[in-house]
Amino acid sequence: MSQTTTDLSEIGKTRPVLENITNKWSILILTVLCSEPVRFNELRRRLDGITHKALSDALKRLERNGLVHRKVLPTSPVSVEYSLTALAKTLQEPFIALYGWALKHGPEMAQAQLLYDARQVEETR
C-alpha cells in the first residue's frame, strides 16, 4: 500500500471516536480551547448561537471522553474553567488545520451551495 493510500479496513472502529469529536459543537469547543483555558460564559460568548444547555451537554460529553478538564474556580460566584487534557492536545494540530481550511475554503463551499440550490430550482420547474 502506498503512503498516500489509507487502510480503511478498520473504519468501523473509528466511528464511536469520530462521532464524539465531530458533532455539531465539539470541534468548535475544542478549537477554542486549543489556545487557552476558558470559563464557561466566555466559551458561550465565543460560540455564538450555542445555548447554555447545548454547551453544558457538550462539555460533559467531552469531559467524559477524556478531552476536557473541568476546574471549579474559588470565586464568588463560583465559576468554572475548561481546558484541554493531554489527550485532547493531540488534536490541536488537526483542528487548527481544519479551522484554517474552513476559513480558506468556506467561500468556495458557499458558492457551491448556491450553484446546487439554483440547479435544484431549475430542475423543479
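In this predicted model, strand E2, which covers residues 68-73, runs antiparallel to E3 and is joined to E3 by 6 bridges. Strands of a sheet pair through backbone hydrogen bonds, and the pairing may be parallel or antiparallel.

The table lists some of the residues that face each other across these pairings.

| Residue | Partner in E3 |
|---|---|
| Arg 39 | Glu 81 |
| Val 68 | Leu 84 |

Taken together, the strands form an open sheet of 3 strands in the order E1-E3-E2, with antiparallel pairing. Why is one side of E1 and of E2 left without a neighbour in the sheet? E1 and E2 stand at the edges and have a single partner strand each, so one side of each has no neighbour there. As for E3 itself, which spans residues 79-84, this strand is mostly covered, with 5 of its 6 residues buried.

The next topic is the nonpolar core. The largest one holds 25 residues, and those that touch the most other members are Ile 29, Leu 30, Leu 43, Leu 47, Leu 55 and Leu 59. At least two residues of this core come from each of helix H2 (26-33), helix H3 (40-46), helix H4 (52-64) and E3, and H2 gives the most, with 5 residues. To follow one member in detail, take Leu 43: once its neighbours within four places in sequence are left aside, Leu 43 is in contact with Ile 29, Val 32, Val 38, Leu 55 and Leu 59.

Finally, there is the question of empty space. Rolling a probe the size of a water molecule over the atoms shows where such space is left. The largest pocket has a volume of about 150 Å³, and its lining consists of Thr 22, Asn 23, Lys 24, Ile 27, Leu 28, Thr 31, Phe 95, Leu 98, Tyr 99 and Ala 102. Both H2 and helix H6 (92-123) supply at least two residues of this lining, and H6 gives the most, with 4 residues. Sorted by class, the lining of the largest pocket has 6 nonpolar, 3 polar and 1 charged residues.

Methods
Residues are numbered from 1 along each chain as its sequence is written. This is a predicted model: local features need pLDDT of at least 70, side-chain atom pairs count only at pLDDT 80 or more; totals for chains, interfaces and linings use all residues. Side-chain values use heavy atoms; hydrogens and water are left out. Buried means under 20% relative accessible area, exposed over 50%, partly exposed in between (1.4 Å probe, protein chains only). Two strands pair if DSSP finds at least two bridges between them. A nonpolar core is a set of buried Ala, Val, Leu, Ile, Met, Phe, Trp, Tyr and Cys residues joined through side-chain atoms within 4.5 Å. Contact means heavy atoms within 4.5 Å. On a 1 Å grid over the protein atoms alone, a cavity is a set of points where a 1.4 Å probe fits but cannot get out, and a pocket is an open set with protein on both sides within 12 Å along at least five of seven lines; lining residues have an atom within 4 Å of a point. Grid points are joined across faces, edges and corners, and a volume is the space filled by probe spheres set on the points. Ala, Val, Leu, Ile, Met, Phe, Trp, Tyr, Cys and Pro count as nonpolar, Asp, Glu, Lys and Arg as charged, and the others, Gly among them, as polar.
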